[in-house]
Amino acid sequence: MDSQIYGLSLAFLALLATTASALPAKPANSAAQINSNSVLVALLDSHYTELSELVEKALLLQTLEDAVANHNISIFAPRNEALQRDLDPEFKQFLLEPRNLKSLQNLLLFHMIPTRIHSNHWRKKPVHHSSLCRDAAGELIPIHEKNGEIIVGTARVIKSDDIVRPDGIIHGIEKLLIPKSVQHEFNSRRSLRATSAVIPEGAPEVDPRTHRLKKSAPPAPAGAPPALPIYDALAPGPSLAPAPAPGPGGPHHHFDGESQVKDFIQTLLHYGGYNEMADILVNLTSLATEMGRLVSEGYVLTVLAPNDEAMAKLTTDQLSEPGAPEQIMYYHLIPEYQTEESMYNSVRRFGKVKYDTLRLPHKVVAEEADGSVKFGHGESSAYLFDPDIYTDGRISVQGIDGVLFPVEETVAPKAAPLAKIVSKPRRGMFI
């Protein structure tokens with residue numbers, strides 16, 4: 001009996017060897033076949049449709065197949081609303097641009113941990129896990145229980161053990177987890193690449209009395225004051241078109257306004273707390289272009305920059321009017337070069353000081369208060385919060401803790417001054 005069984009075993013082994021030799025050789029580095037009960041298949045067929053579409057767009061299927069073949073993974077899947085309505089449209093557009101494919105892949109892989117984490121593994125003390133994102137290898141994801149809720153990074157788990165499979169598990173979370181590397185790449189792409197300033201070459205001269213062009217004059221020496229007041233060099237409307245105005249730079253480019261504007265916007269981003277101001281200058285208006293042009297023509301500017309906390313208090317009504325962002329920003333641009341020391345010395349010596357702004361005819365009032373400089377009136381006042389964020393001799397940036405608005409005219413102006421203003425309009429005035 002034993003000899004028969006032994007003979008059958010040898011015959012079976014010989015059959016297996018013959019069958020194996022007839023099959024094509026499998027590459028050594030190929031991943032194991034993904035079966036229909038895999039967590040990856042469950043993700044693609046789940047109600048997390050937005051996440052599954054991003055996984056396909058990011059060309060991550062092969063990478064995830066390899067990960068599932070080598071690990072038992074945990075996927076923290078943001079709900080569809082977090083990727084549809086709650087996600088910043090500009091950030092979503094950044095992720096979907098073909099040139100940013102690597103950032104999209106890093107973002108998605110940051111939500112996947114090569115360890116099976118079941119709901120009974122939650123701990124009150126944070127447990128840090130590494131993700132499948134190699135570019136965020138040094139950035140661990142903390143998972144802990146707080147007040148009866150599970151927190152993953154900065155997101156709350158809204159559905160534990162939503163999908164359970166032999167090779168992985170999916171938990172639903174309320175919002176997206178963004179690694180620092182992707183956030184830094186987004187900020188870098190958004191900050192300066194859209195900024196472009198025009199460097200004038202041999203711009204024609206304008207007669208300050210008639211505002212008509214006259215023959216070009218030879219370039220002024222470097223460091224000479226501008227030929228016209230800054231208001232004559234402003235665009236005729238809120239950054240609608242460049243206005244012809246001569247500058248001391250001329251064709252020799254003594255002043256590179258484009259580089260200086262880029263430098264101060266980059267400084268705002270690196271300083272931190274002024275991202276909203278930088279975003280408005282670069283994306284919502286063409287002020288960066290006009291500021292670069294003005295500096296190239298020899299003018300100087302002081303920027304009163306509201307911080308992010310102040311900008312967040314702006315209401316929809318204040319920003320909804322056409323040209324409202326430009327008008328707000330123009331009121332924060334002073335056509336003088338002022339530092340924290342010079343402004344503080346002025347208010348200490350003269351009490352109240354009125355500075356011209358690029359929003360004609362409004363001026364901003366400064367006075368000494370609590371050992372600092374206070375701008376504006378009443379509730380719309382702001383203090384000099386971060387002095388001398390950027391000073392290069394042409395552009396000065398002073399951080400303030402509020403958004404300034406001009407005092408509204410409550411009494412109708414007299415007829416004579418009104419007729420005088422209309423008879424001699426200044427270019428750059430807002431209508």
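Me: What kind of crossing does H3 make where H3 passes H7, left-handed or right-handed?

Reply: H3 passes H7 in a left-handed crossing, a term used if the near helix is turned anticlockwise from the far one by less than a right angle, with right-handed used if clockwise. This is a predicted model, in which local features need pLDDT of at least 70 and side-chain atom pairs count only at pLDDT 80 or more, while totals for chains, interfaces and linings use all residues. Residues are numbered from 1 along each chain as its sequence is written, and side-chain values use heavy atoms, with hydrogens and water left out.

Me: And at what angle do the axes of H3 and H7 cross?

Reply: The axes of helix H3 (residues 49–57) and helix H7 (residues 101–109) cross at roughly 135° and come within 10 Å. Axes here are lines fitted to C-alpha atoms, for helices over the stretch in contact, and angles run from 0 to 180 degrees between N-to-C directions. H3 and H7 are therefore oblique to each other, since angles under 35 degrees count as roughly parallel, over 145 as roughly antiparallel, 65 to 115 as roughly perpendicular and the rest as oblique.

Me: Which residues make that contact of H3 and H7?

Reply: On H3 they are Leu-51, Leu-54, Val-55 and Lys-57, and on H7 they are Leu-101, Leu-104 and Leu-108, where contact means heavy atoms within 4.5 Å. By class, the contact of H3 with H7 has six nonpolar, no polar and one charged residues; Ala, Val, Leu, Ile, Met, Phe, Trp, Tyr, Cys and Pro count as nonpolar, Asp, Glu, Lys and Arg as charged, and the others, Gly among them, as polar.

Me: How many residues of H7 are buried?

Reply: Seven of the nine residues of H7 are buried, so H7 is mostly covered, with Leu-104 and Leu-108 among the buried ones. Buried means under 20% relative accessible area, exposed over 50%, and partly exposed in between, with a 1.4 Å probe and protein chains only.

Me: Changing topic, where does Gln-260 lie, and is Gln-260 buried or exposed?

Reply: Gln-260 lies in helix H10 (residues 257–271) and is buried, with a relative accessible area of 13%. Not counting residues up to four places away in sequence, Gln-260 touches Val-295, Tyr-390, Asp-392, Arg-394 and Ile-395. Gln-260 and Arg-394 are 134 residues apart along the chain, yet their C-alpha atoms are separated by 8.2 Å.

Me: How do H10 and H12 cross?

Reply: The axes of H10 and helix H12 (residues 287–296) come within 7 Å and cross at roughly 130°, which makes H10 oblique to H12. The crossing of H10 and H12 is right-handed. Gln-260 of H10 and Val-295 of H12 are among the residues that make the contact.

Me: What about the loops, where is Leu-59 found?

Reply: Leu-59 is found in the loop between H3 and helix H4 (61–70), and Leu-59 is exposed, with a relative accessible area of 60%. Phi of Leu-59 is near 60°, a positive value in a residue other than glycine.

Me: And which peptide bond is cis?

Reply: The peptide bond from Leu-360 to Pro-361 is cis, with omega near -5°, and Pro-361 is found in the loop between strand E12 (353–356) and strand E13 (363–369).

Me: Last one, how many helices and strands does the chain have?

Reply: The chain has 17 helices and 16 strands, which are DSSP runs numbered from the N terminus, helices (H or I) having at least four residues and strands (E) at least two.
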